[in-house]
Amino acid sequence: MMDAMLPSSEEELFLRESASNDAYTKGELQRVDAASITEPAKNLGDECSKRDEDSDESTLLDPASGTSASLQNTLEDLDEARRGIGDPDDPCPQRPRYCTGCSPLRIVMSPMAILVLGLVGMTYYAYVVETSDASILELLLFHVLIALLVGSYVQCVLIDPGTVPEAWHRAVSVSPERVKYKVCRHCSMYKPPRSHYDSITRRLVLNMDHFCPWMVNCVGFYNRKFFVLFLLWTTVACADFCLAMLARVGGQVGLLLVGAHGQVTMVRFMAFVVDAALGVAVVGFLGFHMKLVYYNQTTIESEETAFDLGWRRNVTSVLGPNPWLWFLPVYGSGPVGDGVHWPLR
């Protein structure tokens with residue numbers, strides 16, 4: 001029984017050879033695995049050593065400056081980046097942009113523009129159509145006033161009041177003097193002097209005066225001229241219409257209900273009442289804003305005197321440098337300055 005369980009000499013020799021082959025194969029595999037691990041580790045160590053040597057060389061102190069060469073290179077790169085971005089004190093004028101700063105609230109207020117143009121149309125119809133005895137000279141003057149009024153209104157509605165230039169914001173962000181500028185808590189942009197955040201258009205507006213619902217736009221640096229001109233020409237046009245109507249009825253307003261052919265009409269009477277009321281209201285508003293322009297102030301900073309540089313320089317910062325274009329609803333070369341930098345008195 002025991003002899004049957006013991007292997008024969010041939011079987012014993014076969015088993016020994018198999019065990020030897022397995023051990024050899026296993027050893028070879030172990031050597032291969034060790035080599036595959038050791039070689040990359042050695043290469044990685046050599047590479048790290050080389051990097052350490054390069055780092056040691058790059059962090060040598062510069063005897064002239066007392067700073068490390070790597071730090072000096074970093075500072076030089078930062079200076080070069082600043083030069084590429086620009087300086088916060090560099091002028092940054094912008095070209096006039098139209099139909100920008102749209103928001104849901106502006107869209108809701110857009111019917112106000114239709115209302116304004118509707119009032120102008122009613123006055124135009126009452127004068128040109130209902131007043132048949134108007135002379136050519138009277139009609140010519142009236143058309144000129146209406147053109148100036150409508151042109152000023154359209155320009156103020158469509159022209160962007162101006163916002164913070166991206167280049168100026170980037171220049172301030174890397175400037176060592178950025179601590180002197182405030183950061184807007186709404187849009188996280190640096191605030192130039194005299195700029196304010198408009199909650200309707202949701203932007204930081206340059207030289208912001210106010211948001212005007214009649215204009216469906218914010219009044220700021222680039223469209224303030226046209227707002228003032230709109231007030232001016234509205235006052236003059238209303239006065240011209242009311243005086244022309246009163247001259248025809250001898251001061252008896254009730255006769256405006258009678259048309260040129262004896263028929264009853266409400267258009268001239270309603271236009272007269274509306275224009276008289278608007279003229280009285282707007283003339284006070286016009287006087288207030290002309291005072292602000294004269295002293296280089298805005299509605300927000302009506303008590304500020306630091307920017308008063310004399311009436312002529314104050315006026316050119318709103319109406320532009322060319323006096324021949326001051327009262328025309330054309331942009332020309334725009335207001336003097338860029339809305340970002342403001343000289344002090």
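A: By class, the lining of the largest cavity has seven nonpolar, two polar and one charged residues, where Ala, Val, Leu, Ile, Met, Phe, Trp, Tyr, Cys and Pro count as nonpolar, Asp, Glu, Lys and Arg as charged, and the others, Gly among them, as polar. The model is a predicted one, in which local features need pLDDT of at least 70 and side-chain atom pairs count only at pLDDT 80 or more, while totals for chains, interfaces and linings use all residues. Residues are numbered from 1 along each chain as its sequence is written, and side-chain values use heavy atoms, with hydrogens and water left out.

The lining consists of Tyr222, Lys225, Phe226, Val318, Leu319, Gly320, Val330, Tyr331, Gly334 and Pro335. A cavity here is a set of points, on a 1 Å grid over the protein atoms alone, where a 1.4 Å probe fits but cannot get out, and lining residues have an atom within 4 Å of a point. Helix H8 (224-249) and helix H10 (311-319) each supply at least two of the lining residues, helices being DSSP runs of H or I with at least four residues, and strands runs of E with at least two, numbered from the N terminus. The space in this cavity is about 40 Å³, a volume being the space filled by probe spheres set on grid points that are joined across faces, edges and corners. In total there are three cavities of 30 Å³ or more.

Turning to the charged pairs, the model has seven salt bridges, each a side-chain nitrogen of Lys or Arg within 4 Å of a carboxyl oxygen of Asp or Glu. One of them joins Arg248 to Glu138, at 2.6 Å from N to O. Because Arg248 lies in helix H8 and Glu138 in helix H6, this pair ties together parts that are 110 residues apart in sequence. Arg248 is partly exposed, at a relative accessible area of 25%, and Glu138 is likewise partly exposed, at 27%, where buried means under 20%, exposed over 50% and partly exposed in between (1.4 Å probe, protein chains only).

Another salt bridge pairs Arg194 with Glu301, whose closest N and O atoms are 2.4 Å apart. Arg194 sits in the loop between strand E2 (190-191) and strand E3 (196-198), and Glu301 in the loop between helix H9 (267-294) and H10, 107 residues apart. Both Arg194 and Glu301 are buried.

Methods. On a 1 Å grid over the protein atoms alone, a cavity is a set of points where a 1.4 Å probe fits but cannot get out, and a pocket is an open set with protein on both sides within 12 Å along at least five of seven lines; lining residues have an atom within 4 Å of a point.
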